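Okay, thanks for making time, everyone.

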Amino acid sequence: MTIRILMTTAAMACALGAAPALADIKIGASLSETGPAAFLGDPEAKTLRMEVDKINAEGGINGEKVELIMYDDAGDANKAKTFATRLVEDDEVIAVIGGTTTGTTMAMIPVFEDAEIPFISLAGAVDIIDPVKPFTFKTPHTDRMACEKIFTDMKDRGFTKIGMISGSDGFGQSMQAQCKDVAEDAGVEIVADEVYGPQDADMTPQLTNIRGKGAEAILNSGMGQGPAVVTRNHKQLAIDAPLYQSHGVASKQFIELAGAEAAEGVRLPAAALLVAEQLPDDDAQKPVVTAYTDAYKSATGEEVSTFGGHAHDALAILKAAIERAGSDDSVAIRDEIEASKEFIGTGGMVTYSPDDHLGLTQDAFRMLEIRDGDWTIAE
């Protein structure tokens with residue numbers, strides 16, 4: 001599926017009999033709007049459409065309209081690489097937002113690096129920006145940060161023997177590796193380590209093995225349908241060890257898929273966006289997350305997710321960089337992205353540097369807990 005959207009007032013101009021205005025700034029995107037990662041890519045795509053529409057309604061960027069050229073890679077890394085090449089060679093975009101998943105992102109990075117086109121990924125793995133690549137940035141918190149946040153919370157609750165169950169997809173395997181790498185320094189012992197496939201519909205054997213090895217708490221590193229199945233099976237088996245999920249399921253849709261009863265008490269690290277109304281009035285993020293929440297609900301009739309928030313932040317950072325660059329030169333825009341300082345987004349405060357293309361600290365994560373079918377700030 002290919003989507004090419006001209007986010008201008010062209011239709012209105014045609015209705016009035018005037019020649020439609022052509023967009024001057026081409027921004028590309030390759031997202032997993034359909035397929036197994038659609039619950040991530042769909043809100044990302046809807047957010048980009050909404051935000052580009054708003055930018056153009058307000059006069060564009062530096063007085064120029066924006067054209068969003070967006071492709072649906074359906075979570076397929078090969079398709080993503082093909083679309084990346086098309087965005088560079090045929091569409092001649094000046095920057096790209098996307099890479100819903102770690103797999104699609106990693107497939108596209110070499111294309112944009114070779115072409116010297118700024119690329120802001122919406123995927124989670126730390127490998128995307130470590131080591132630093134000149135033209136590649138990201139907005140979501142990393143899987144390594146999630147491991148550290150979760151292990152800190154586990155230790156605070158007195159849990160030091162940990163069971164892991166991970167998806168076999170790129171994100172699940174990356175987070176599994178990162179958690180293993182930081183476990184010793186975090187003061188926890190991984191006593192069980194299980195894996196499931198993206199299409200698996202029953203994880204009771206893996207969870208039974210974890211329970212049999214004396215795990216005091218369980219961490220599921222995964223995205224897509226798998227974490228919902230793990231959550232339901234955890235409830236069905238009546239496992240006492242509390243369940244933690246990754247930031248890869250930080251949306252209301254996860255609660256709906258798992259079922260509110262099964263998801264009760266599940267904890268995970270996520271951005272402040274999911275608990276916008278619970279933030280104190282003096283929280284610097286509150287105006288940002290509240291405004292985005294209201295706009296997204298109004299435009300789509302749906303609940304927000306952190307994934308759409310990642311797209312919001314990426315486009316806002318890119319817009320500001322283009323404004324500061326004062327041109328459509330991709331290298332100049334890259335330099336201004338890297339110069340972004342103290343940008344307040346839905347994911348936290350971002351400060352990029354030549355050595356840091358993530359720009360978030362551990363403080364950007366909030367530990368959340370599901371209570372009565374909704375997100376709450378964990379106590």
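Before anything else, one term: when I say salt bridge, I mean a side-chain nitrogen of Lys or Arg within 4 Å of a carboxyl oxygen of Asp or Glu. And please keep in mind that what you see is a predicted model.

With that term in hand, take E338 and R334. They form a salt bridge, and their closest N and O atoms are 3.0 Å apart. Both sit in helix 13, residues 330–338, four residues apart, so to speak about one turn of the helix. Both E338 and R334 are buried.

How many salt bridges turn up in the whole structure? A search finds 17. Another of them joins D193 and K180, with the closest N and O atoms 2.6 Å apart. D193 belongs to strand 8 (residues 189–196) while K180 belongs to helix 6 (residues 170–186), so this pair ties together parts that are 13 residues apart in sequence. On accessibility, D193 comes out at 31%, which counts as partly exposed, and K180 at 44% is also partly exposed.

Then there's R371 with E369, a salt bridge at 2.2 Å, N to O. Here R371 is partly exposed at 38% relative accessibility, but E369 is buried, with a relative accessible area of 6%. These two are also part of a network of salt bridges that links D153, E264, R267, E369 and R371.

Okay, zooming out to the overall fold. The protein chain has 13 helices and 15 strands. For 379 residues, a compact globule would have a radius of gyration near 21 Å, and the chain has 21 Å, so the two agree. The C-alpha trace spans about 70 × 40 × 40 Å along its principal axes. Buried residues account for 57% of the 379. If you take contacts between residues at least 6 apart in sequence, 68% of them join residues at least 24 apart. As for the surface, the accessible area is about 14900 Å², with 49% of that belonging to carbon and sulfur atoms.

Now the inside. The largest nonpolar core has 79 residues, and the members touching the most other members are L48, F112, F151, M154, L219, L318 and I337. Which element gives this core its largest share? That's helix 12, residues 306–325, with eight residues. There's also a second, separate core of 37 residues, and A192, V230, I255 and V289 are among its members.

Setting aside neighbours within four places in sequence, F112 is in contact with A84, L87, V88, V96, I117, F119 and F135.

Last stop, H247. You'll find H247 in the loop between strand 10 (243–245) and helix 9 (252–258). Buried or exposed, then, this H247? Its relative accessible area is 8%, so H247 is buried. The side chain of H247 reaches the backbone oxygen of H141 at 3.2 Å. Not counting residues up to four places away in sequence, H247 touches H141, T142, D143, A146, F171, P269, T306, F307 and F365.

Terms used. Residues numbered from 1 in each chain as written. Predicted model: local features only at pLDDT ≥ 70, side-chain atom pairs only at ≥ 80, totals over all residues. Heavy atoms only, no water. Core = buried A, V, L, I, M, F, W, Y, C linked by side-chain atoms within 4.5 Å. Buried < 20%, exposed > 50% of the residue type's maximum accessible area, 1.4 Å probe, protein only. Helix = DSSP H or I, 4+ residues; strand = E, 2+ residues; numbered from the N terminus. Contact = heavy atoms within 4.5 Å. Polar contact = N/O pair within 3.5 Å; in protein donor to acceptor, adjacent residues only side chain to side chain. Rg over C-alpha atoms; globule rule 2.2 N^0.38 Å. Areas by Shrake-Rupley, 256 points an atom, 1.4 Å probe, with all protein chains shown as cover.
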